[in-house]
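Thank you all for coming. Please look at the sequence and the structure for a moment, and then I will walk you through a few places in the chain.

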Amino acid sequence: MKKNFILYVFLAPAVILVFLFNYIPMYGVTIAFKDFSPTRGIMASEWVGLTHFTNFLNSPNFHQIFANTIKLSAFELLIGFPVPIILALMLNQVRRASIKKNVQLMIYAPHFISAVVIGGMIFIFLSPAGPINALLSVFLDRPISFMSDPDYFRTIFIASGIWQGAGFASIIYVAALSNSDPQLHDAATIDGASLLQRIWHIDVQVLKPVMAVLFILAVGGIMGVGFEKAYLLQTDMNLPASEIIDTYVYKRGLQAGDWSFGAAVGLFNSVVSLMLLVSVNYVVKKFNGETLY
C-alpha cells in the first residue's frame, strides 16, 4: 500500500461511495424483522422476528407469485440468452463495414427506448383495434384480447424483452470476437472447413469464457424479472400470469404502506438470487473452469 499509495488515493472515492450507498443502507433491512413504524423509527419499532417471512410463505398467493417470477425469468433466460450470441456470430460474418454499422444501429436502438414507451407500443399494437389484430382478422372471426388473456402475457413479455435487449447485449460478444485470430479461419478454410464448422470450432470457443460469466450473472438476477415493464403491462385480467415478486412488493410495501412485509419479501427475493448465483457459479466452475470468484 505504501508503494502504490497514489493508486489507492484514486480508488478511495469509489470505495467511499460504495460504502455509503451500498453497505450503510443495509441496516435498513432490519425492518423486515420488525413491525416498522415511521413515527417510531427502526430502533424503536417492535421486533417480530420471522413473522413477515412466515406470513408471505403461508399466504394463499405465494405459490402463484413465486411460480410466475421463476417462469418468466427462466423462459426469458433460456430463450433470450442465446439470441445475442447468434446476433454477434452473424454480425461477425458481415464483411462490409457500412452494412455492419447500419445493422448494429438498427438492433441497438430498441435498448434506448424507455419501458414506458415500450409498454405503450405493446398496448397499441396488440389492442383489439391494433395492427396485429387487423392482420389476424383475415383468418379469425373476432379480435384477440392479447393484454387481457393471461395465456399471452409471458410470450409478449419475453418476446418484447428479446427485441429490446438482444441487440445491445450482443455488443460484448462482438467485442470478444474481435480477439479471434483471422489466421485460424484462413487455415480452417484451406483445410476445407465449412462456415458452420469454423463458427463452431473457432468463434464459439472464443466466446465460451464470456458466455460462462454472463450466464452466471444472468442466473444470479433470475429473480429480478424487471419491475417496470411487468407493472406497466399488468391489467386486472392478466394478473394470474403477470403478478411477480417485484410488483407484489411494490403494492404491499409502498401502495399499502406495509413497509416491513415488503422489506421481508424483497429480502427473501435477494436471498434466493444469492443462492442461485453461488450454485450456478459452482456448477459452471466444475464443467467449464470459468467462475466469478
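Let me begin with a term: a residue is called buried under 20% relative accessible area, exposed over 50%, and partly exposed in between, using a 1.4 Å probe and protein chains only. V18, at 39% relative accessibility, therefore counts as partly exposed, and V18 lies in helix α1, residues 5-23, where helices are DSSP runs of H or I with at least four residues, strands are runs of E with at least two, and both are numbered from the N terminus.

Before going on, please keep in mind that this is a predicted model, in which local features need pLDDT of at least 70 and side-chain atom pairs count only at pLDDT 80 or more, while totals for chains, interfaces and linings use all residues. Residues are numbered from 1 along each chain as its sequence is written, and side-chain values use heavy atoms, with hydrogens and water left out.

Now to the chain as a whole. The protein chain holds 16 helices and two strands, and of its 293 residues, 33% count as buried. Its C-alpha trace spans about 75 × 75 × 35 Å along the principal axes.

Next, consider S242, which has its place in helix α14, residues 239-242. Is S242 buried or exposed? Since its relative accessibility is 0%, S242 counts as buried. Leaving aside residues up to four places away in sequence, S242 touches N68, F153, Q234 and T247, where contact means heavy atoms within 4.5 Å.

In the loop between α13, residues 227-232, and α14 we find T235. Which residues does T235 touch, not counting those up to four places away in sequence? They are F123, M147 and S148. The side chain of T235 also reaches the backbone oxygen of M147 at 2.9 Å, a polar contact, that is, a pair of N or O atoms within 3.5 Å, of which, within protein, one must be able to donate a hydrogen and the other to accept it, with residues adjacent in sequence counting only if both atoms are side-chain atoms. The C-alpha atoms of T235 and D149 are separated by 9.3 Å, although these residues are 86 residues apart along the chain.

Finally, let us turn to helix α11, residues 182-190, whose N-terminal end is capped by D181, with a side-chain oxygen 3.1 Å from the backbone nitrogen of Q183. Just after α11, G192 takes a positive phi of about 95°.
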